[in-house]
Amino acid sequence: MEYVKTRTIMTKSDKGSHWFGIDYHMNLYKGCSYGCIYCDSRSDAYHIENFDVVRSKENALKILEEELSSKQYKGVVSFGTLSDPYNKEEEMYEITRGALELIKKYEFGVSIDTKSDLILRDVDLLKEIQEKNNVIIKISVTTYEDELSRVLEPHVISSTRRFEVLNILRKNGIYAGILMTPVLPFITDSEDNIKTIVSKACENKAKFVYTKMGMTLRRRAREYYYEQIDKLYPGLSFDYKSVYEKNVVVNPLKYKDLLEIFVNECNKYHVLCDMSEIIQDYKRKIPTREQISLF
Ligand code: SF4
């Protein structure tokens with residue numbers, strides 16, 4: 001694997017950022033080999049050339065250890081927002097596993113987004129981290145239909161297997177749920193898809209289901225997406241262009257109705273879907289930064 005030079009691994013979350021209560025971000029890998037046709041990380045906003053080729057940061061674990069040992073606040077560190085931390089290369093290089101060892105050693109919390117069952121390899125570490133700090137695992141699912149998933153996310157395990165992964169994590173007592181994102185207009189924005197994902201999440205003991213009920217289409221990612229959807233559904237990119245023009249945030253036409261259906265389904269199954277409630281729930285055992293400062 002190719003290595004790229006870097007001076008920092010962790011960055012502090014934007015002040016006021018509400019995204020799953022994350023305190024620090026890091027990407028141990030650059031690029032991703034899973035090939036999701038809608039991936040926002042392809043966009044030129046992130047300056048990742050040859051996105052489908054996975055590279056690692058040189059001396060990533062050494063730099064990470066220096067950073068973790070110097071931080072006063074042992075907050076939640078997010079793994080992989082621009083690349084899946086359990087990409088295929090991780091099986092051999094174990095950089096994510098090495099980072100989890102360090103997170104455990106320095107008693108930080110962890111937030112992981114993944115579509116891979118390789119996360120099950122690290123259940124032992126996640127359980128140990130959870131004894132001292134907060135853990136939240138988000139398994140991404142865009143469609144419950146395995147055939148559709150295979151064309152939208154060509155190198156990812158089936159959606160069925162992702163629900164099984166959720167189930168195994170939950171059986172091990174790990175706080176985990178489903179990230180139903182993105183929702184692709186004209187493709188995955190059906191009532192049936194949304195209701196089925198919520199019900200399968202609940203069957204498999206999800207602590208939460210979260211969605212933004214739409215997608216992001218930035219330059220370069222947009223062109224790639226249009227090229228791919230036209231191969232699957234000839235002419236569909238014309239519908240996108242006529243409805244959304246060059247909007248970055250692209251929501252289904254029935255956005256409000258779908259959101260209402262989603263919330264009703266979550267309420268029916270008593271599963272959390274509100275960001276503030278999810279944060280409050282998974283962080284319930286550990287004092288917040290504000291609480292600590294009172295002492
Ligand atoms: S797994 Fe995530 S980072 Fe990788 S291609 Fe798919 S959406 Fe992009």
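The model is predicted: local features need pLDDT of at least 70, side-chain atom pairs count only at pLDDT 80 or more, and totals for chains, interfaces and linings use all residues. Residues are numbered from 1 along each chain as its sequence is written.

**Exercise 1. List the residues around the ligand and sort them by class.**

Step 1. A residue is near a molecule if its C-beta atom, placed from the backbone, lies within 6 Å of it.

Step 2. The residues around the ligand are Cys-32, Tyr-34, Gly-35, Cys-36, Cys-39, Ser-41, Ser-83, Asp-84 and Lys-115.

Step 3. Ala, Val, Leu, Ile, Met, Phe, Trp, Tyr, Cys and Pro count as nonpolar, Asp, Glu, Lys and Arg as charged, and the others, Gly among them, as polar. The shell has 4 nonpolar, 3 polar and 2 charged residues.

**Exercise 2. Trace the β-α-β unit of β9, α7 and β10.**

Step 1. Helices (H or I, at least four residues) and strands (E, at least two) are DSSP runs, numbered from the N terminus. Two strands pair if DSSP finds at least two bridges between them.

Step 2. Strands β9 (residues 176–179) and β8 (residues 135–140) run parallel, joined by 4 bridges. Ile-139 has Ile-178 in β9 as its bridge partner.

Step 3. β9 also runs parallel to β10 (residues 209–210), with 2 bridges. Here Leu-179 is partnered by Tyr-210 in β10.

Step 4. With helix α7 (residues 191–203), β9 and β10 make a right-handed β-α-β unit. Right-handed means that, with the strands pointing away from the viewer, the path from the first strand over the helix to the second runs clockwise.

**Exercise 3. Find the cis peptide bond and the positive phi.**

Step 1. Recall the background: most residues other than glycine have a negative phi, and most peptide bonds are trans.

Step 2. The bond from Thr-181 to Pro-182 is cis, with omega near 0°. Pro-182 sits in the loop between β9 and α7.

Step 3. Lys-205 is not a glycine, yet its phi is positive, about 70°. Lys-205 belongs to the loop between α7 and β10.

**Exercise 4. Describe how α8 meets α9.**

Step 1. Axes are lines fitted to C-alpha atoms, for helices over the stretch in contact, and angles run from 0 to 180 degrees between N-to-C directions. The axes of α8 (residues 221–232) and α9 (residues 236–244) come within 7 Å and cross at roughly 135°.

Step 2. That makes α8 oblique to α9. Angles under 35 degrees count as roughly parallel, over 145 as roughly antiparallel, 65 to 115 as roughly perpendicular and the rest as oblique.

Step 3. Tyr-226, Ile-229 and Asp-230 in α8 meet Leu-236, Ser-237 and Tyr-240 in α9 (contact: C-beta atoms, placed from the backbone, within 7 Å).

Note on methods. Contact = placed C-beta atoms within 7 Å.
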